Amino acid sequence: MGQKKLEDALTLARYAGLDLVLMNENGNMSVAKIMDYNKYRYERQKKLKEQQKKQRETNKELKEYRLSTTIDIHDFETRVRNAKDYLVKGHRIKAFIRFKGRQMARPELGKDVLLRFAEALNEVATIETEPKLEGRQMFMLLAPKK
C-alpha cells in the first residue's frame, strides 16, 4: 500500500476489521502489515513447534546407564533390555562404571563388565568409543547400527 501515516494506517486496519502489526522497526522506515494478529501468532507458533520437532529428531538423546563391577545377572539383563529399546529408537547410550574405594585397584573388572554390556547389545549397537578411564569413572559410548 506504500507509505502511509500512522493514523491513516490505523483507520484502514479498523475499516477492514483487522490489526495493524509492526513487522520491522529497524532502519529509517518502519514496516507494518494489516492482518489478523491472532491468526499470525497461531501460525508462527505452529512453525516454531514443527522446527523444534525436527531438531529433536536430528539430535537424539544420550541415555546413560550406570553399571558396577559387582552387578547381578538380573540387573545386568534388565539394563541390557532397556538399552536395546533406546537403541532401536535411535538414541545413543553411555554406559559407565564409577569405582569406589579399593575397586580402583582392579579397573580391568569394570572394563570386562562394559565389554560384556556391548557384546550383549552387538546386534543393535556398535561401540563408538572403547571403554576408557577418566579419574574414578570408566565409560563407553554405544551408537545404534544403521
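Let's start with helix H4, residues 107–120: its 14 residues reach 20 Å from first C-alpha to last, close to the 20 Å expected at 1.5 Å a residue (that is, 1.5 Å times one less than the number of residues). Helices (H or I, at least four residues) and strands (E, at least two) are DSSP runs numbered from the N terminus. Keep in mind that this is a predicted model, where local features need pLDDT of at least 70, side-chain atom pairs count only at pLDDT 80 or more, and totals for chains, interfaces and linings use all residues. Residues are numbered from 1 along each chain as its sequence is written, and side-chain values use heavy atoms, without hydrogens or water.

Which residues of H4 are buried? They are Gly-110, Val-113, Leu-114, Phe-117 and Ala-118, with buried meaning under 20% relative accessible area (1.4 Å probe, protein chains only). Looking down the axis of H4, these fall within an arc of 135°, so they line one face of the helix; the arc is that of the directions from the helix axis to the C-beta atoms.

Now for the sheet. It's an open one of 4 strands, in the order E3-E4-E6-E5 with mixed pairing (two strands pair if DSSP finds at least two bridges between them). E3 and E5 are the edge strands, each pairing on one side only. E5 and E6 pair in the antiparallel sense over 7 bridges.

H4 packs on this sheet, touching E3, E4, E5 and E6, and its direction makes about 10° with that of E6. Contact here means heavy atoms within 4.5 Å, while angles run from 0 to 180 degrees between N-to-C directions of lines fitted to C-alpha atoms, for helices over the stretch in contact.

Technical notes
Buried < 20%, exposed > 50% of the residue type's maximum accessible area, 1.4 Å probe, protein only.
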